[in-house]
Amino acid sequence: MTDLTTEMHAATTDASWDHETDVLVLGSGAAGLASAVVAAQEGFDCLVLEKTEYVGGTTAYSAGTCWIPDNPFQRAEGIDDDGIAAREYLDTLVGDRAPRELREAYLQHGPEMVTYMSRLGVRFWQSTTVVDYHPEIPGASSGGRALEPQPFDGRKLGKDHFRRVRPPVPEFALFGGSLMIRRAEVDQLLGVYRGSARSVALALKLGVRWALDRTRYPRGTRLTMGNALVANLYHQLTARRGAVWFNAATTELLTDRTGAVIGAVVAHQGRELRVRARRAVVLAGGGFPADPELRRRYLPHPVAQFTRAGEGSTGDTMRLAQSIGAAVGPSCDDNALWFPSSIGRRRDGTTVVFPHIWDRAKPGLVAVNSAGRRFVDESVSYHRFTRAMYDSEKSVPSIPTWLIVDSRYLAKYGLGMIYPHLPKALLTRHIKSGYLHSRNTIRELAITIGVDPGGLEQAVADNNAFSTTGVDAAFHKGESLFGKQYGDPQHSPNPNLGPIDNPPYYALAVVPTPLGTAIGLRTDTEARVVDTSGKPIVGLYACGNDATSVMGAEYPGAGCQVGAGMTFGYIATRHAAARNP
Ligand SMILES: Cc1cc2nc3c(=O)[nH]c(=O)nc-3n(C[C@H](O)[C@H](O)[C@H](O)COP(=O)(O)OP(=O)(O)OC[C@H]3O[C@@H](n4cnc5c(N)ncnc54)[C@H](O)[C@@H]3O)c2cc1C
């Protein structure tokens, strides 16, 4: 031990404490709140420090999907071999890019975590049709591993706590983020345009509830997706007398003579407070997707300039842990999970980072690089699509990538910020702002966006021929179960292939944006942070994106980040609860 560390330990062991708790959690996303709820449920004092004014982090923006193979729903249906299939799947997909024992811990404790949370009232529904992101790999599931949070009634929180739940992404809910709906309800509501009575009834039901809510609350209280998950966990925590300090910035982790973590120094309400953690400090700050410096250090080039993740996730927790000797890594090629996103502006001038999650799979769209050439099956998962952008960039400029559609596509399916059936005046606004480009011929469009005109004409001609035969001879779009799932089932002969021949034509730029980082603190199977010699740092845990992903920057299926975050949050607290402080 160096003189400097000895001095630091001496200075921290005779401390008088301003506040004491058993479990101190830094960060209030799914991982941190799961850890905190377990602590409170097991009868421990628990304090969550949240550096922003809201609970929820990126989780509150997310769909809240939780990927748990071999989950209780599957068991209830008599499917008892999913754990075996998932192991095979992950061994092939992840291999030695991440320690095998970590995914074993995930597979073993994930189902347990779901059962535990359900008993407390944090309930999920099974998404039976959500296909894993690599259906070509043996052991992939064609549905059943992804769990959707059940809608949560925000009124249960009371007005003050409700205001603390981070509002959703405005573009992902109606009325600028005020009325949340489930993903399944989007399609149902679109039936209003076809005059479907069921759709009208649903619209009325949701509308009336929302209008009543607005007389008492700043937004609708029927929460869905990640917002529902966060609000429910926050409700469970406060109901068990767990506390959250908002706008609380941790400036130092405190250790004792042995190097064990025993608390933190926290700047809160204008004071610097020494907070003792008798059992554990759990780091759950959500990684560093919002930190430009760490993005430059760890993510591939060209470095992403934007993210849809929460602004609080800037790697502070990783830096704090490193300052007491914690290890980071192991590093993978791209160290993040990705969305291709278009970048727009709201009327108030704020930036919109709009992830293109499902629209790329609809028939009548091609994605091209600066040569005007396609380079991928556009209907693959967002992570695979963005990786393909980086791959293509190695030989020809491909960032931004251009999504090309025609007017029929745009009206029917929408694209990014452009909703289906958008009135002409609003469409014109997007064109004037430069978000969307429009021309009457493919050649003019290519020239406008700086793409090779001959290349683009050829790509569109090929697409149109493929859409007649139903066979994408170049990239096999429509052959994968994953892509098919998000195409248009009414469209034949191939749900993902349609002609681009109805002018005007449109182009929209997409760039890589990390939805979460995959490199973080090195942890063991108990979620303990380890030091650079591989030894666990006593009293220090990390979960969610603060820990290096157990998937090694691979993306097996919808919900693997929230799923792993909650599972390791649960594991961390269970371990801390069992240790002798
Ligand atoms: C639009 C979108 C949709 C997504 N959908 C899904 C999905 O359905 N399923 C899925 O698995 N993944 C999804 N993801 C990714 C997923 O949301 C995140 O990876 C995950 O929620 C991260 O959880 P977390 O608990 O680690 O961090 P977060 O949810 O980001 O929470 C971290 C919290 O810690 C706070 N914090 C940071 N530093 C400190 C500090 N020093 N002290 C105190 N507090 C601190 C932050 O302010 C934040 O509130 C999506 C991402 C996006 C952007």
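**Loops, ligand shell and salt bridges in a predicted model**

Gln-269 is exposed, with a relative accessible area of 71%; exposed stands for over 50%, buried for under 20%, and partly exposed for values in between (1.4 Å probe, protein chains only). This is a predicted model, in which local features need pLDDT of at least 70 and side-chain atom pairs count only at pLDDT 80 or more, while totals for chains, interfaces and linings use all residues. Residues are numbered from 1 along each chain as its sequence is written, and side-chain values use heavy atoms, with hydrogens and water left out.

Gln-269 sits in the loop between β10 (261–268) and β11 (271–283). Helices (H or I, at least four residues) and strands (E, at least two) are DSSP runs, numbered from the N terminus. The phi of Gln-269 is positive, about 50°, although the residue is not a glycine. Phe-175 also has a positive phi, near 55°, and is likewise a residue other than glycine. Phe-175 belongs to the loop between α7 and α8 and is exposed, with a relative accessible area of 55%.

The loop between α7 (158–163) and α8 (183–190) also holds Glu-171. What does the side chain of Glu-171 meet in a salt bridge? The partner is Arg-346, at 2.7 Å from N to O; a salt bridge here is a side-chain nitrogen of Lys or Arg within 4 Å of a carboxyl oxygen of Asp or Glu. Arg-346 lies in the loop between β12 (336–345) and β13 (351–355), so the pair links distant parts of the chain, 175 residues apart. Glu-171 is buried, at a relative accessible area of 14%.

The whole structure contains 36 salt bridges. One of them joins Asp-391 and Lys-394 at 3.1 Å, N to O. Asp-391 is partly exposed at 47% relative accessibility, and Lys-394 is exposed at 69%. In another, the closest N and O atoms of Asp-524 and Arg-528 are 2.8 Å apart. Here Asp-524 is buried at 15% and Arg-528 is partly exposed at 25%. Salt bridges also form a network, which links Glu-20, Asp-22, Asp-45, Arg-276 and Arg-278.

The ligand is surrounded by 35 residues, the closest being Glu-50, Thr-59, Asn-545, Gln-561 and Val-562; a residue is near a molecule if one of its heavy atoms lies within 4 Å of it. The shell divides into eleven nonpolar, 20 polar and four charged residues. In this grouping Ala, Val, Leu, Ile, Met, Phe, Trp, Tyr, Cys and Pro are nonpolar, Asp, Glu, Lys and Arg are charged, and the others, Gly among them, are polar. At least two shell residues come from each of α2 (30–41), α3 (57–61), α12 (316–322) and α19 (560–578). Which of the elements gives the most to the shell around the ligand? That is α3, with four residues.

A polar side-chain atom of Thr-59 is 2.5 Å from a ligand oxygen. For Glu-50, an N or O atom of the side chain is 2.7 Å from an oxygen atom of the ligand. Gly-56 brings a backbone N or O atom to 3.4 Å from a ligand oxygen. Taken alone the ligand exposes 1,000 Å², of which the protein buries 97%; accessible areas come from the Shrake-Rupley method with a 1.4 Å probe, and for residues only the protein chains shown count as cover.

The loop between α18 (481–485) and β17 (505–517) contains Asn-494. Asn-494 is buried, with a relative accessible area of 3%, and its side chain reaches the backbone oxygen of Gly-470 at 3.0 Å. This is a polar contact, a pair of N or O atoms within 3.5 Å; within protein, one must be able to donate a hydrogen and the other to accept it, and residues adjacent in sequence count only if both atoms are side-chain atoms. Pro-493 is found in the loop between α18 and β17, and the peptide bond from Ser-492 to Pro-493 is cis, with omega about 5°. Asp-488, in the loop between α18 and β17, is buried at 8%.

Pro-330 is placed in the loop between α12 and β12.
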